Amino acid sequence: MYPCLYVDEILRLIFRSIEDRSTLCALARTCRAFHEPAMNLIWESLTEFEPILRNLSSASVVSKSGARPCLTLSRPLNDNDWNIVRRLSSRVRRFRVLFDPVPHYLNTALPWFGCLTSPQDPSSLFPNLRELSFGVSVNLGMMNTEDVHGKFPTIIRFFRLLLKPHLSALRIDIPGAFYAHLDLPSIPALCPNIRILSMAAPTFKLDGAFIPDEVVCLMSRLVSELCALETVKSDVTSWDFLSTLAQVKGLRQLWVHLPYQLSPAPECPTGDTFPQLRILNIRANSLAPCIDLFRWTSFGNKVAEICVYFSESEDDNDPAQALVDISSLISSQYKTLESIWSIFLDNSPYNYPSSTSPRPMLEPYQACHRLRVIALETPCNRTLTDNDLEKMVTVWPLLEVFHLFQHGKKYLPVQLTLRGVAALLLHCPKLTQFTLMFDATKGTPRFNSGFNLPPVKYMGVCKSPVSANSDVAAYISTILPYLETIGVGEYSYGGHWRWISTQHQRRPGVVTDMSPARLYSLLHADTDNITSHRGRKWQWRFGGD
């Protein structure tokens, strides 16, 4: 065997490219040189504790009619069992545990949970854990309250057993009423190196209460004492909590969920607030608190990406003007902005404020010349013209992604034509994907072939009208030679767009228009892993969970 294959670092790099777990298991049995690197990768990420317990001689699987199979132990753990648990848990770097308290699982799993909470040496369990995601199902709120409160402390003891000094990422997702059991103030001393923190709460109510105010205060204290903190995601927001976050010097990425109403905003924090913040993601149940937040304070001069994912509420007096106000506030405060997403949440396309149009929402961002990504969701509007679009895009030469998600009636006439699309391509040479609603039936304008065409691979057309016209097909093939996918709105001109695709030299696929959330996840696919704030296994997705 080549000498380089005896180097663990080289083997780890090679083995990480293997996605099939069975292949890693085969490599672990191949030779001594392969055993340790392969075994470390096999056990590196764990989504439940049962795989470790299955290696014990006393373990068995219990199945009952109508219930999922559960693992149980026939006797308490002996010394040999503990040695196996310690050896395997020492390889785990990432652990995601979800306590799902359905009755059958609760009765069979809790005994071995109880054994694990009383180890001979607590420090020997998961000593190398780096990332922990601890969750409790919302089903907990549906169970007998006395039964739940009697057994939940066992789960909390197990959670505290997992808090290790080397932990760098912690995600907590439990019903709000139980946050008080976690002893939040003790976490900084147990895990001083946490860089990524997520505190989520299922929307299901338990005994009519969400997270108590006193627990929110403890969360503020927790955040203030984590000196290495870089990323925070919180489903619980208060002005006091935001004021504390404003003083966290190393904070680079912030996700917050705003309720329908916040109390009147206090005075702006003094000093250098959010000095290192780069990414701001806001999910709001109403437009009003979102405006209050942007008026309350600036999020620093280094913010490069802002995503606002919101709903329209009955409390919003003039939602159309509120949308424009949000655009104006963002563009006036963040001149170096590189990415802006402004997307509706849980609203019917027919309920969007009809007076809002892409143009007034877009115009404020002409002050942000570094924009690489613009994605705005608006109702369909017929006032945006080719000249309007061309005038605006000339100030965004770095633009790579441009989406105007327009919703409305099935066949609403629009002023934008293929000339506007050509202008977008002319002035944005780095463009890779865009979504526009335009009329492709109004002829093909003259095209200057003397410039380099941008590498556009995705074109969303919403409900853009088009006909099976060979001139239109040839024109689209000419201005979009690298096209791979056409996103078409439902119940629109899908058949005609499919015919257009068959005439294109690359035969792009035609799919139902991808949602803003889907396009957002594709744009950030390079960071989609468990260590990332957007990781699939952590379920930290666009606009929150």
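Analyst: A helix here is a DSSP run of H or I with at least four residues, and helices are numbered from the N terminus. The model is predicted.

Start with helix H7, which spans residues 145-161 and includes Leu 161. Buried means under 20% relative accessible area. Leu 161 has 10%, so Leu 161 is buried. What does Leu 161 contact, leaving aside neighbours within four places in sequence? The list is Leu 116, Thr 117, Pro 119, Pro 122 and Leu 125. Take Thr 117 from that list. Thr 117 and Leu 161 are 44 residues apart in sequence, yet their C-alpha atoms are 6.9 Å apart in space.

Next, the nonpolar core. In soluble globular proteins, nonpolar side chains tend to be buried together. In this model the largest nonpolar core holds 145 residues. Phe 95, Phe 294, Phe 402, Phe 434 and Trp 497 touch the most other members. Phe 95 shows what such a residue meets. Not counting residues up to four places away in sequence, Phe 95 touches Leu 46, Phe 49, Phe 126, Leu 129, Leu 132, Phe 158 and Leu 162, among others. Its contacts also include Glu 48, Glu 131 and Ser 133. A second core is separate and has 11 residues, among them Tyr 309, Trp 341, Ile 343 and Phe 405.

Thr 435 sits in strand E15, residues 433-435, and Phe 405 is one of its contacts beyond four places in sequence. Is Thr 435 buried or exposed? Its relative accessibility is 1%, so Thr 435 counts as buried. The Thr 435 side chain also makes a polar contact, at 2.7 Å, with the side chain of His 403.

Now a helix on the inside. Helix H10 covers residues 239-246, and six of its eight residues are buried, so H10 is largely enclosed by the rest of the structure. The buried ones are Trp 239, Phe 241, Leu 242, Thr 244, Leu 245 and Ala 246. They pack against helices H9 (213-225) and H11 (287-296), and against strands E7 (196-200), E8 (231-234) and E9 (253-258).

Finally, helix pairs. H16 (residues 470-479) has two partners to look at: H15 (residues 418-427) and H17 (residues 494-502). The H15 and H16 axes are 11 Å apart, at an angle of about 10°. H15 and H16 are therefore roughly parallel. Leu 418, Val 421, Ala 422 and Leu 425 of H15 meet Val 472, Tyr 475, Ile 476 and Ile 479 of H16.

The H16 and H17 axes come within 9 Å and cross at roughly 60°. That angle makes H16 oblique to H17. Their crossing is right-handed. Here H16 uses Ser 470, Val 472, Ala 473 and Ile 476, while H17 uses Trp 497, Trp 499 and Ile 500.

Helices H1 (residues 8-15) and H3 (residues 32-42) form another pair, with axes within 9 Å and a crossing of roughly 50°. H1 and H3 are therefore oblique, and their crossing is right-handed. Asp 8, Leu 11, Arg 12 and Phe 15 of H1 make contact with Ala 33, Phe 34, Pro 37, Ala 38 and Leu 41 of H3.

Terms used. Residues are numbered from 1 along each chain as its sequence is written. This is a predicted model: local features need pLDDT of at least 70, side-chain atom pairs count only at pLDDT 80 or more; totals for chains, interfaces and linings use all residues. Side-chain values use heavy atoms; hydrogens and water are left out. A nonpolar core is a set of buried Ala, Val, Leu, Ile, Met, Phe, Trp, Tyr and Cys residues joined through side-chain atoms within 4.5 Å. Buried means under 20% relative accessible area, exposed over 50%, partly exposed in between (1.4 Å probe, protein chains only). Contact means heavy atoms within 4.5 Å. Helices (H or I, at least four residues) and strands (E, at least two) are DSSP runs, numbered from the N terminus. A polar contact is a pair of N or O atoms within 3.5 Å; within protein, one must be able to donate a hydrogen and the other to accept it, and residues adjacent in sequence count only if both atoms are side-chain atoms. Axes are lines fitted to C-alpha atoms, for helices over the stretch in contact, and angles run from 0 to 180 degrees between N-to-C directions. Angles under 35 degrees count as roughly parallel, over 145 as roughly antiparallel, 65 to 115 as roughly perpendicular and the rest as oblique. A crossing is left-handed if the near helix is turned anticlockwise from the far one by less than a right angle, and right-handed if clockwise.
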